[in-house]
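Thanks for coming, everyone. Let me put one protein up on the screen, and then we will walk through it together.

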Amino acid sequence: MVFDVERIGLPVETVVRASLRLRASPLHDMVLRHLRDMWRHPGRLARDPGATALAGATADLVRALLVSAAHDPRTPAVRSVMDETLLTRVTAHVRRHHTDPGLRAESVAAAHGVSVRHLYQVLRDADVSLEQWIISERLATARRMPASPDHAGLAIGAVAARCGFSGPSHFTRRFRSAYGLSPREWRQRARQKASTPPTG
């Protein structure tokens, strides 16, 4: 994946000043995790249809980290870049914490120092429903778990809990609505597929 350094667009002195204070930025750990995740799967990410958007978002995050580290957090420059990258930061936060049953608008807003109202406005502008998006992320994780040999012995209720759902019946309803099968049926189908020898 190509990383657009030009998009960062910061003077050299800002980058140098930031390099001495990166860990002081509240964005440091999040950006570091993001870069490490990208480093783990470079080939797969480069082939993904969203690779260009991911490269742009990564450049924005690095720019935000550098500005945040180089300046006092109360300056207009830092406030501006934090506003510009809020959606990207919220996206990374939700993906990282989607299995936390306490993840909701209030906790996301608090983690980013914004009001719930402002958070909803930013998401609305991006045509994103926070609640539905969190459920979609949880369902995608839950879909992988019952079919995985690592979780073969895990009860459906335990899968629901690990994915952040409030209870097994709510989880099963959501899963069936999304995939047309219950989690148990999904697991059985995955096991049958794994045990069927390839033909030809």
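First, a reminder: what you see is a predicted model. How many helices and strands are there? The protein has 12 helices and 0 strands. Read along the sequence, the pattern is α-α-α-α-α-α-α-α-α-α-α-α. The protein has 200 residues, and 37% of them count as buried. Now look at contacts between residues at least 6 apart in sequence. Of these, 63% join residues at least 24 apart.

On to helix packing. Two packed helices are described by the angle between their axes and the distance between the axes. Take helix H2, residues 28-40, and helix H4, residues 51-70. Their angle is about 150 degrees, and their axes lie 10 Å apart. The cut-off for roughly antiparallel is over 145 degrees. H2 and H4 are therefore roughly antiparallel to each other. Their crossing is left-handed. Which residues make the contact? From H2 come His 28, Met 30, Val 31, His 34, Leu 35 and Met 38. From H4 come Leu 54, Thr 58, Leu 61, Val 62 and Leu 65. By type, the residues of this H2 and H4 contact are 8 nonpolar, 3 polar and no charged.

H4 has another partner to show you. Helix H1, residues 12-19, packs with H4 at an angle of about 75 degrees, and the axes are 8 Å apart. That angle makes H1 roughly perpendicular to H4. In H1, look for Thr 14, Val 15, Arg 17 and Ala 18. They meet Leu 66, Ala 69 and Ala 70 in H4. The residues of the H1 and H4 contact divide into 5 nonpolar, 1 polar and 1 charged.

Next, the cores. In soluble globular proteins, nonpolar side chains tend to be buried together. Here the largest nonpolar core has 14 residues. Those touching the most other members are Leu 139, Ala 142, Val 159, Cys 163, Phe 165, Phe 171 and Phe 175. Helices H9, H10 (156-162) and H11 (168-179) each supply at least two residues of this core. Which helix gives the most? H9 does, with 4 residues. Apart from this core lies another, of 13 residues, including Leu 86, Leu 103, Leu 119 and Val 122.

Stay with H9, which covers residues 130-147 and holds Thr 141. Is Thr 141 buried or exposed? Thr 141 counts as buried because its relative accessibility is 14%, and the cut-off is under 20%. Leaving aside neighbours within four places in sequence, Thr 141 is in contact with His 98, Thr 99 and Cys 163.

Follow that to His 98. His 98 sits in the loop between helix H6 (86-97) and helix H7 (105-111). His 98 is buried too, with a relative accessible area of 10%. Not counting residues up to four places away in sequence, His 98 touches Leu 103, Ile 134, Glu 137, Arg 138, Thr 141 and Cys 163.

One last stop: Asp 127. Asp 127 is in the loop between helix H8 (116-125) and H9. Most residues other than glycine have a negative phi. Phi of Asp 127, though, is near 60 degrees, a positive value. Asp 127 counts as exposed, because its relative accessibility is 71%.

That is the tour. Over to you for questions.

Definitions and conventions
Residues are numbered from 1 along each chain as its sequence is written. This is a predicted model: local features need pLDDT of at least 70, side-chain atom pairs count only at pLDDT 80 or more; totals for chains, interfaces and linings use all residues. Side-chain values use heavy atoms; hydrogens and water are left out. Axes are lines fitted to C-alpha atoms, for helices over the stretch in contact, and angles run from 0 to 180 degrees between N-to-C directions. Angles under 35 degrees count as roughly parallel, over 145 as roughly antiparallel, 65 to 115 as roughly perpendicular and the rest as oblique. A crossing is left-handed if the near helix is turned anticlockwise from the far one by less than a right angle, and right-handed if clockwise. Contact means heavy atoms within 4.5 Å. Ala, Val, Leu, Ile, Met, Phe, Trp, Tyr, Cys and Pro count as nonpolar, Asp, Glu, Lys and Arg as charged, and the others, Gly among them, as polar. Buried means under 20% relative accessible area, exposed over 50%, partly exposed in between (1.4 Å probe, protein chains only). A nonpolar core is a set of buried Ala, Val, Leu, Ile, Met, Phe, Trp, Tyr and Cys residues joined through side-chain atoms within 4.5 Å.
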